[in-house]
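User: I would like to go through a model with you. Could you take my questions as they come?

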Amino acid sequence: MAAAASPLLSLTFVLLLVPISNAIYCDEDDCYDLLGIKQDANASEIKKAYYKLSLKHHPDKNPDPESRKLFVKIANAYEILKDESTRGQYDYAIAHPEEVFYNTAQYYRAYYGHKTDPRAVFIGLLLIISAFQYINQLTRYNKAIETVKQTPAYKNRLKALEFERTGGISSKKKGHKQMDKKVEEELSNEVELQIHGVEKPSMWSLYGVQFVLVPYSIGKVLSWEFCWFWRYRVKKLPYTWEDACYLTRMSLKIPANTWQNIDDYRKENLVMKRLWEKSSMERYIAEMRKESKRRR
């Protein structure tokens, strides 16, 4: 009994899906029936059938409202059947009504995929990615700030700043704790926090902004390269302090934020070694190895 019911249920399911597959193309109608042609009709027959029906039902030829509605359906059927790709998808939907999701995806891909400007899609995607990037940066930064504010070092800095502002005079009133919270908020705005590994969110670091600034960035790099070549290769001028620091930092492969935290004396000592020159770099490495062995 169950075996007999199974094919019946399958047949019923397929019959229910047939109107669904047809509906995504020509509503409840059959595209071929609307044009009065057979499914094996060629492109010429489809075109002739459409023009013949257009002369009869076009709004300029027939003002009847019902005729106008029918013409809209005829025009839609013609748009589907005149293109080999969409016609093939429609024929597949008729032959395989059980593949509802596939047929629906093919329909929307054919009718809306080509109408969407890829540039608009790219810009929209870039904006979405940039928004998520900014939210992620802001969340990480806020968490890092809250973590730092719980450390004794931060609280000591607040106390020192409060002591400096009040001259060492503390309030003994009832609202002392509430006042402390207000003072803490005011003082926290004056304390500059520098957290390594977490930077304050900036619009300039977003992918969308960087993409827009690509021409400017390329022009800036080319200008820098030209000035460098002209100044140090052609005119043979000595390196400026900033450029010597840059060469030293690049030779040692030190990140910019790490270089900034090095004291001025050590910076000057490294720059004076002229580590961007191969012989100087080799000599420096040999010295560092000797120093390492001596400490062992």
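User: Which residues does Asp243 touch, not counting residues up to four places away in sequence?
Analyst: Asp243 touches Trp228, Arg231 and Tyr232, where contact means heavy atoms within 4.5 Å. This is a predicted model, in which local features need pLDDT of at least 70, side-chain atom pairs count only at pLDDT 80 or more, and totals for chains, interfaces and linings use all residues. Residues are numbered from 1 along each chain as its sequence is written, and side-chain values use heavy atoms, with hydrogens and water left out.

User: Is Asp243 buried or exposed?
Analyst: Asp243 is buried, at a relative accessible area of 13%. Buried means under 20% relative accessible area, exposed over 50% and partly exposed in between, with a 1.4 Å probe and protein chains only.

User: With which side chain does Asp243 make a polar contact of 3.1 Å?
Analyst: That partner is the side chain of Thr240. The side chain of Asp243 also makes a polar contact with that of Tyr232, at 2.4 Å. A polar contact is a pair of N or O atoms within 3.5 Å; within protein, one must be able to donate a hydrogen and the other to accept it, and residues adjacent in sequence count only if both atoms are side-chain atoms.

User: Turning to H3, which of its residues are buried?
Analyst: In H3, the buried residues are Ile46, Ala49, Tyr50, Leu53, Ser54 and His57. They fall within an arc of 135° seen down the axis of H3, so they line one face of the helix; the arc is that of the directions from the helix axis to the C-beta atoms.

User: What is on the face turned away from that buried side?
Analyst: That face of H3 carries the exposed residues Lys48, Lys52 and Leu55.

Technical notes. Helices (H or I, at least four residues) and strands (E, at least two) are DSSP runs, numbered from the N terminus.
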